[in-house]
Amino acid sequence: MTSLWNGDYLFLLENLIVKDFKIRYRNMSLGVFWSLLNPLILMGVLTFVFTKVMPNAVPNFPLFVLCGLVPFNFFTVAWNNGTISIANNAGLIKRIPVPREIVPIATVLSTTIHLGIQIVLLLILTLAFGRGINVHWFWLPLLWALEVMFVCGLVLATSALDVYLRDMRYIVESACTVLFWLVPIFYTLDIVPREYVTVYEFNPLAALILGLRRILYEGVSPNGDAGLVYKLAFTSTVTFVAGLAIFSRLKHKFFDYL
Amino acid sequence: MTVIEFKNVSKAFHRAVGQRLLRHYLEDLLGKSDPDSFHALKNVNFAINDGESVAVIGANGAGKSTLLSLVTRLAPPSAGQVTINGRVAALLELGAGFHPDLTGRENIRLNASLLGFSRKQAGDLYETIVDFSELHDFIDEPLRTYSNGMMLRLAFSVAVNLDPEILIIDEVLAVGDQQFQTKCIDKIFEIRNQGKTILCVSHVGPLLESLCTRALWLDHGQLVMDGPTHEVLQAYEGRTLHAPSE
């Protein structure tokens, strides 16, 4: 089924992103400040727990934990909002022949605006903790782009499945809760048993956090001995292609099921 | 040139009897035939030529809206073949992409991009759209403060200024007050007189007779009559009038 829609993709994408962003903040008195509040509060709580209640040996713990919280926060918000995006825009999907892929992708991209704000916070904190700018910062845009691509792939798959099985959104929510513990946000990879380390490195979210820490916190190349960036690029590409394939298989019957 | 062609087209829907459980999906996957499926369209054949204006009539639930959703390619047919040549503008449900928290101006921009306008076209047409809607004083207010009539005015103004090759109208002619309705109808006649193809669903007989030269009559998903509007309307109204005594 070829779509009859032959409009301006970029213009549409821009409008959908701006719409999501405006709607979320228009009626909030604190506005975009909310983007900063969530990671800052969690950073404070985790720092309290892991330096006062259960002290550990990681120095500059707030920076260490924020390197994990910023990508994780983006991941959960984008994945959850993206998953329900098709069902939530049923009116649009059933009435206007826009290319369906653009709806979940715009939802993820509108979340990148918050990500941008949080990245600024992360970089300021990096400098505040006396970690200077180094040459490895050039890797940062690529790492973030790979994460966005990975989340787009996931969201394409789960948003399409959510049309048929509305339980999908709860599965995604639960998966995010589980991932908070299975991704090295508040612990280092060193304490993970050896046999599991490869699994961590092939998990794009964990790989991203490890890469960020190497760049910002340790000031070394994100690749390490394990070729971390290549693994991240590989899994993100595979996820994106698979998500696109699942979506285009399922999209033809959206009209019947919404 | 044929712009819309239906060949042996059928469209079936699942009957959503209560909750759909995992079992139902597994049955779908395994290809078990669904005894409860409901045929909204059955074996429909017709072709519409460039520049024709065609009315679709029939009782509620006869399959009119389903037919329009197939023409706009929003839904795929269950069987048969649908061929469309040309850019379709559908006035199916006005304001489908509107959001209450965005202003009139922002909604025009968003709706324009959804309907396929480019950035430049949207910019060029913005004034025309606002002028047509006559909503200058409220254009920077959020849509939730609009009355229903104002919202429909805005939506109609966006859709009708898209310059479509095929215009699809689904019972949306009752927009706003008498004066604005007349304006909308004039605009539709103007589009028709430019030689565009029009597909129109309405229950207003006199309007259909003056707007459309040909009519399709759907009954329970089947095309029962296809001919000049006047004859089809007469047959349809005759049947409806006799219905209670049947």
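Hi everyone, let's start inside chain B. Take the contacts in chain B between residues at least 6 apart in sequence: 71% of them join residues at least 24 apart. Please keep in mind that this is a predicted model, so everything I tell you today is computed from it.

What is chain B built from? DSSP gives 8 helices and 9 strands. Of its 246 residues, 50% are buried.

Now, let's bring in the partner. How many residues of chain B are in contact with chain A? The count is 39, and they touch 32 residues of chain A. The size of an interface is often given as the accessible area lost when the parts come together. Here, the area buried between chain B and chain A is about 3100 Å², with 62% of it coming from carbon and sulfur atoms. Which residues of chain B lose the most area to chain A? They are B:R73, B:L74 and B:L114, and together they make up 22% of what that side buries.

Between chain B and chain A we count 3 salt bridges. In one salt bridge, the side chain of B:R109 meets that of A:E14, at 3.0 Å from N to O.

Which elements of chain B give two or more residues to the side that touches chain A? You can look for β1, α1, α2, α3 and α4. Helix α3 of chain B gives the most, with 5 residues.

B:N8 sits in strand β1, and its phi is near 50 degrees, a positive value in a residue other than glycine. B:N8 counts as partly exposed because its relative accessible area is 44%, between the 20% and 50% cut-offs. B:E134 lies in the loop between α4 and α5. B:E134 has a positive phi as well, about 60 degrees, although it is not a glycine. With a relative accessible area of 34%, B:E134 is also partly exposed.

Let's finish on chain A. What makes up its nonpolar surface patch of about 390 Å²? The patch is formed by A:M28, A:L30, A:F33 and A:W34. One of these, A:F33, belongs to helix α2 of chain A, residues 33-53. A:F33 has 40% relative accessibility, so it counts as partly exposed.

Note on methods: Residues numbered from 1 in each chain as written. Chains lettered and ligands numbered in written order. Predicted model: local features only at pLDDT ≥ 70, side-chain atom pairs only at ≥ 80, totals over all residues. Heavy atoms only, no water. Patch = residues over 30% accessible without salt bridge, like charges linked within 9 Å, V, L, I, M, F, W, Y side chains within 5 Å. Areas by Shrake-Rupley, 256 points an atom, 1.4 Å probe, with all protein chains shown as cover. Salt bridge = Lys/Arg side-chain N within 4 Å of Asp/Glu carboxyl O. Helix = DSSP H or I, 4+ residues; strand = E, 2+ residues; numbered from the N terminus. Buried < 20%, exposed > 50% of the residue type's maximum accessible area, 1.4 Å probe, protein only. Contact = heavy atoms within 4.5 Å. Buried area = accessible area lost by both parts, 1.4 Å probe.
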